[in-house]
Amino acid sequence: MDEVTPLLQRQSTSSESKIKNSGLYLAAFVAVLGNFNSGYSLVYPSPVLPNFQSPDADPRLRMNTEQAAWFGSIYSLGAAAGGLGAILLNDMIGRKLSIMMSALPSTIGYMLMGGAINLSMLQVGRFLTGVAAGMTAASIPVYISEISHQKVRGALGSCPQITAVIGALALYVLGLVVPWRWLAVAGEVPAVLMVVLLAFMPSSPRRLLSMGRQQHAERVLRWLRGNQYDVQTELLAIQHSIDTQPKITWSQLGTPTYYKPILISVGMRFLQQMTGITPILVYLEPIFKKSNVSLPPRYDAAIVGLVRLCSIAVAAFLMDKAGRKALLYTSSMLMFLSSLTLTMVSHTTPCPPGPAPPNHTALDYTSHNDFGSTFMSNAQTAGSILPIICTMVFIFGYAMGWGPITWLLMSEVLPLAARGKASGVCVTVSWLTAFGLTHGFTHLVDTYGLYVPYLLFTVVCVVSLLFNAVCIPETRKRSLEEIENYFRTGRTFTINRSS
């Protein structure tokens, strides 16, 4: 392979100018409609829960604290089940069909919620939309990476997260004007559109070559790259990768080359969820309602969704310009400062004004009372704005570090031989953590107020800061071989060629 690699690189470089990406971009756009739907369904409870907990709600659909907690969190439980199922489906029927199959639970789930006449229909519908989200999260990034070439793989690899954020923003905006039942009906549109369009898109060349369908893979690759592209070079490289992919044994998992990156990836996914990002996004409107913000909560949620989209763009720009650890440090500090401020603001609740004390003197205190009223009014105004600003800073910090870099580091540090199963373990840990935290968040807020969960998120941000300092290596501008050598030796990225 040492002799073949330079030849492949020269041929690949000479044919790069002949690539036409129109077919590739179309296939990627159709696939990430599933991520749009996932982002939409994740935050569905934000504008909907206030309708179910209001005094004038339909008695058949009115929710208490426990029922609201399940409605918000059962989505993550479904996503964990869908992610595990997709790991099996990806190998059995391929990535494309796995993505298409995710539309089935999604459509059924939205139909149940849109036509719900009791709480069971709402909960089952919410679970099924979670199953669909788990399936797309496990299938779409793999499909995009397998149909992309090296020059655009990084840019297209960020599309799933960006479209998920756009989907969440679409839900917040529609929630301003659309009733909750029609929000569920609108959620069916991207899923159905994805299935119809994806039926005309190709399977991945790697999947076709693994099935021995070389001629079909050649036609697909030519459609993705253009007729002027030399597909034989890339087909040879893909086939060689398939033929030389090693098989991992249980004894090998005990070596530092495997268990260290797996533990780091699992730890990052656990801490990523424990920062509180999922319950904050899911319960955004109820949180703002409890925080007594100045604007109506539904408008605040839409503004935060827009800030989240902008922060994703900033993170994509800084990803390769700054180091991974530097962005994680910045992310942790921004989340720590914002969650600490939210903890103090939520703990300091202004008391309602009481009756004025009797005037036992003949002095005129009118000017002093006016000054006191103005001061209290200004303090309450500042207190009503702070939760919005701090939430924006928190989400901005998450989106520029612990959000995207966790996924990126997983793809960089996990060994190729164990990547499939290890990624499944990481995603399952992430969704189960999100389920427990989202479910417990409602009970904590109902019992203690927002102070206790914000304090927990503040502590986790400190832990994530220390975890980044001690456990996470800097992988910027490092090859996969150098990263693997770091975990094997535990000391250096430099590869000793003589050994």
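Reply: Gladly. Trp-223 sits in helix α13, which covers residues 214-225. Keep in mind that this is a predicted model.

Me: Why is Trp-223 called partly exposed?

Reply: Its relative accessibility is 39%. Buried needs a value under 20% and exposed one over 50%, so Trp-223 counts as partly exposed.

Me: What makes Trp-223 part of a nonpolar surface patch?

Reply: Trp-223 makes this patch with Leu-26 and Phe-29, and the area is about 310 Å².

Me: Are Arg-222 and Glu-218 buried or partly exposed?

Reply: Arg-222 is partly exposed because its relative accessible area is 28%. Glu-218 has 23%, so it is partly exposed as well.

Me: What makes Arg-95 and Glu-146 a salt bridge, and what does the pair tie together?

Reply: The distance is 2.9 Å, N to O, and the cut-off is 4 Å, so the pair counts. Arg-95 belongs to helix α6 (residues 95-101) and Glu-146 to helix α8 (residues 119-147), so the bridge ties together parts that are 51 residues apart in sequence. Both Arg-95 and Glu-146 are buried. Across the whole structure, four salt bridges are found. Another one of them joins Arg-225 and Glu-234 at 2.7 Å, N to O, and both of these residues are buried.

Me: Why is Asn-21 called buried when it is in a loop?

Reply: The label rests on area. Asn-21 has a relative accessible area of 17%, and the cut-off is under 20%, so it is buried. The loop lies between α1 (4-16) and α2 (22-31). Beyond residues up to four places away in sequence, Asn-21 touches His-149, Val-152 and Leu-224.

Me: And why is Thr-458 called buried?

Reply: Its relative accessibility is 5%, under the 20% limit, so Thr-458 counts as buried. Thr-458 is in helix α23 (residues 451-470), and its side chain reaches the backbone oxygen of Tyr-454 at 2.8 Å. Setting aside residues up to four places away in sequence, it touches Phe-336, Ser-339, Leu-340 and Thr-343.

Me: How do you know that Phe-288 is buried, and which residues is it in contact with?

Reply: Phe-288, in helix α17 (residues 284-290), has 1% relative accessibility, so it counts as buried. Apart from neighbours within four places in sequence, its contacts include Val-293, Pro-297, Pro-387 and Thr-391. Phe-288 and Thr-391 are 103 residues apart in sequence, yet their C-alpha atoms are 9.6 Å apart in space.

Me: Which residues touch the most other members of the largest nonpolar core?

Reply: They are Tyr-44, Phe-71, Leu-122, Tyr-172 and Trp-402, in a core of 72 residues. Helix α22 (residues 419-448) gives the most to this core, with six residues.

Conventions:
Residues are numbered from 1 along each chain as its sequence is written. This is a predicted model: local features need pLDDT of at least 70, side-chain atom pairs count only at pLDDT 80 or more; totals for chains, interfaces and linings use all residues. Side-chain values use heavy atoms; hydrogens and water are left out. A nonpolar core is a set of buried Ala, Val, Leu, Ile, Met, Phe, Trp, Tyr and Cys residues joined through side-chain atoms within 4.5 Å. Buried means under 20% relative accessible area, exposed over 50%, partly exposed in between (1.4 Å probe, protein chains only). Helices (H or I, at least four residues) and strands (E, at least two) are DSSP runs, numbered from the N terminus. A polar contact is a pair of N or O atoms within 3.5 Å; within protein, one must be able to donate a hydrogen and the other to accept it, and residues adjacent in sequence count only if both atoms are side-chain atoms. Contact means heavy atoms within 4.5 Å. Patches are made of residues with over 30% relative accessible area and no salt bridge: like charges are joined within 9 Å, nonpolar side chains (Val, Leu, Ile, Met, Phe, Trp, Tyr) within 5 Å. Accessible areas come from the Shrake-Rupley method with a 1.4 Å probe; for residues, only the protein chains shown count as cover. A salt bridge is a side-chain nitrogen of Lys or Arg within 4 Å of a carboxyl oxygen of Asp or Glu.
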